[in-house]
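Notebook open. I want to go through the salt bridges, then the ligand site.

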Amino acid sequence: MISAVLPTYNRAPLAFTHGQGSWLFAEDGSRYLDLGSGIAVNALGHAHPALVDTLTQQAGKLWHVSNVYRIPEQERLAEMLVEKTFADTVFFTNSGTETAELAIKMARKYWYEKGQPDRTEIITFEGAFHGRSTGAIAAAGSEKMTKGFGPLLPGFRHLKWADHDAIRAAITSQTCAVMIEPIQGEGGIRPVPDQCLKGLRDLCDSTGTLLIFDEVQCGMGRTGKLFAHEWAGISPDIMMVAKGIGGGFPIGAVLATEEAASGMVAGTHGSTYGGNPLGCAVAARVTEIVSDPAFLDAVSAKSAQFRQGLEGLVANHPTVFEAVRGQGLILGLKCVVPNTDVVKAGYARHLLTVAAADNVLRLLPALNIPEADITEALRRLDAAATDLETPSFEAQP
Ligand SMILES: *Cc1c(COP(=O)(O)O)cnc(C)c1O
């Protein structure tokens, strides 16, 4: 018999009652060290006092009014993001996949208004993940996500991951935009080298193609800069943001230059919940905290500590781990054994990690994880790896 909850997930047999910082407390009272952060969502850990305070204060005032009216909390958040990024304008959504939908619409509308209505093709990449809406699965294009859901939204051209020559060859007079994650998350923590991002920007500039960055997972301070592309010293025309920006409250945003957004006039897009006062108040608090240069420097320092320990684990457990990947606190361990076995061995050691494609174990701790918790995480990863090296060990489901 089908479960009351639609069974689209293979869930671990774990449930939590509350959280505190980098720790989650299970129904039996035991605690787990959280290196998943709800897939890079709980950027400031669980129950951060400033966010609890902001949320409860706003909850007592106003939750929702509709975009029929001005929403000062939304305006304030948009102004903050405009001030801190390349963007001139922002649209708020409730999730990452909705940002993909708007990015696609915005890019196509841009060329339509420029008198090139056939310029609709968007270049995307193997291993990409942009969400689960029909547009987003068509954009990413993997069989795993699209099989059985056709006919798919047309107009995407899927290329090998970050292959500059292939991109150069693929851009034609029909190309509307290139959509890429500066660091692939679901795809296995694969950073596009800065040189490639620069090359991509040049290629887009010389052909007029719009450049869309999906920073839903790698943005909001995760790399030690507010957005990952800042490391390359270039910026996109359109950027998708979600996950970390709400610190656990569901909210996303599409940031764009005035030029790229020029086709999106009144009536061309909307969302009932998007940009509601509750979400915007929380996201503004997250943005304030995360964009502080001292906070971002601390992310880089934590990353250095974590990475050094992870390199040690790779050296000490060559039959379990192969290499460290990623940047800042979006890190991956390429595994030798199945990554799902490592995730399960982690559960036994009360450590929460997330699997990604390419047999990678994803490590996405809270950006404010204390040094001591990183040390403890490394200890538990070491113990889990030792368990996996023990012939009699069997990972529990
Ligand atoms: C998670 C994710 C999305 C989709 O976000 P949802 O909120 O799950 O719709 C899109 N792009 C990237 C890079 C993501 O990691």
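For burial I use relative accessible area with a 1.4 Å probe and protein chains only: buried is under 20%, exposed is over 50%, and partly exposed is in between. This is a predicted model, so I note that local features need pLDDT of at least 70, side-chain atom pairs count only at pLDDT 80 or more, and totals for chains, interfaces and linings use all residues. Residues are numbered from 1 along each chain as its sequence is written, and side-chain values use heavy atoms, with hydrogens and water left out.

**Entry 1: salt bridges**

I looked up the salt bridges (a side-chain nitrogen of Lys or Arg within 4 Å of a carboxyl oxygen of Asp or Glu) and found 14 in the structure.

I started with E288 and R76, whose closest N and O atoms are 2.7 Å apart. E288 sits in helix 9 (residues 277-290) and R76 in helix 3 (residues 72-84), so this bridge ties together parts that are 212 residues apart in sequence. Helices here are DSSP runs of H or I with at least four residues, strands are E runs of at least two, and both are numbered from the N terminus. E288 is partly exposed at 33%, and R76 is partly exposed too, at 42%.

Next I checked D387 and R349, which meet at 2.9 Å, N to O. D387 is in helix 12 (residues 371-389), while R349 is in the loop between helix 11 (339-348) and strand 15 (351-352), 38 residues apart. Buried or partly exposed, D387? D387 is buried, at 13%, whereas R349 is partly exposed at 36%.

K334 and D358 also pair up, at 3.3 Å, N to O. Here K334 is in strand 14 (residues 330-335) and D358 in the loop between strand 16 (354-356) and strand 17 (360-363), 24 residues apart. K334 is buried at 15%; D358 is partly exposed at 35%.

**Entry 2: ligand site**

Which residues surround the ligand? I listed those with a heavy atom within 4 Å, among them S95, H130, E181, D214 and K243. By class, I get two nonpolar, six polar and three charged residues in the shell.

For backbone N or O atoms, G96 comes to 2.8 Å from a ligand oxygen, T97 to 2.7 Å from a ligand oxygen, and F129 to 3.1 Å from a ligand nitrogen. The protein covers 83% of the 380 Å² of accessible area that the ligand has on its own, using Shrake-Rupley with a 1.4 Å probe.

Conventions:
A polar contact is a pair of N or O atoms within 3.5 Å; within protein, one must be able to donate a hydrogen and the other to accept it, and residues adjacent in sequence count only if both atoms are side-chain atoms. Ala, Val, Leu, Ile, Met, Phe, Trp, Tyr, Cys and Pro count as nonpolar, Asp, Glu, Lys and Arg as charged, and the others, Gly among them, as polar.
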